[in-house]
Amino acid sequence: MRHPKGVLAAALSLAAALAALPATTATTAPVAAPAPAPTQAAYAGYAGSAENAKANKAFFDAVMKSVARKRAADFGALAVTVVYSTANAPSFRTQIARSTQIWNSSVTNVKLQEGSNPDFRYYEGNDSRGSYASTDGHGRGYIFLDYRQNQVYNSTRVTAHETGHVLGLPDHYSGPCSELMSGGGPGPSCQNAQPNTQERSRVDYLWRNGLAAAKVS
């Protein structure tokens, strides 16, 4: 990712910048992500750019609404399952699987699982904005993984960082490498793809207390 030229209308500030373990250059043709709605803002950031906390929360709320819709009769379960699709990001299935394993072993109140009728999707391709997450504001969202960025930064960290937005975490570029949501702030040398204790606790808190209150529109 690089610094954006500006934050468009109402998007999701989701930088995934990160460190070593470059992804292999994809041999398949890029699969275009859905075009953002005119009112969406595309991508808000990279290291040093202003955070868009409102946009981050919008994506989390959208995913939570999608999950709530499907689980309205089962609020009692401890772990909420969030379903995703990798059909449009075949080159990154390994990194997505690693990211899923990282998050599933880090938190207890929410679990990621690949499957049909997904709450969000992964896409891949080339985008001057880098990797980002976005939502249409109606319970659907996607994570876009940029080829070039994933060759410069640790691809698993990029994916885990973007997935952190799905789980409700905002960017914090000024944080250390040990903080997953510091994204590209620590620079391309940062290898860490694991959330720290505070990030894990925050995700568990959000999903323990948020799902029951999620309003289905």
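Buried means under 20% relative accessible area, exposed over 50%, and partly exposed in between (1.4 Å probe, protein chains only). Strands (E, at least two residues) and helices (H or I, at least four) are DSSP runs, numbered from the N terminus. Six of the six residues of strand 5 are buried, so the strand is largely enclosed by the rest of the structure.

I noted the source next. This is a predicted model, where local features need pLDDT of at least 70 and side-chain atom pairs count only at pLDDT 80 or more, while totals for chains, interfaces and linings use all residues. Residues are numbered from 1 along each chain as its sequence is written, and side-chain values use heavy atoms, with hydrogens and water left out.

I then looked up the partner of strand 5. Strand 3 runs parallel to strand 5, and six bridges join them. Two strands pair if DSSP finds at least two bridges between them. Tyr123 stands opposite Phe144 of strand 5.

Which residues touch the most other members of the largest nonpolar core? They are Trp103, Phe120, Tyr122, Val203 and Trp207, in a core of 30 residues. Helix 2 (93–106), strand 3 (120–125), strand 5 (141–146) and helix 5 (197–210) are among the elements that each supply at least two residues of this core. Such a core is a set of buried Ala, Val, Leu, Ile, Met, Phe, Trp, Tyr and Cys residues joined through side-chain atoms within 4.5 Å.

I followed Val203. Leaving out residues up to four places away in sequence, Val203 touches Trp103, Val107, Val110, Leu167 and Leu169. Contact means heavy atoms within 4.5 Å.

Trp103 took me to helix 2. Gln95, Ile96, Ser99, Thr100, Ile102, Trp103 and Ser106 are buried there.

The C-alpha atoms of Gln194 and Ser106 are separated by 8.3 Å, though the two are 88 residues apart along the chain. Gln194 counts as partly exposed because its relative accessibility is 35%.
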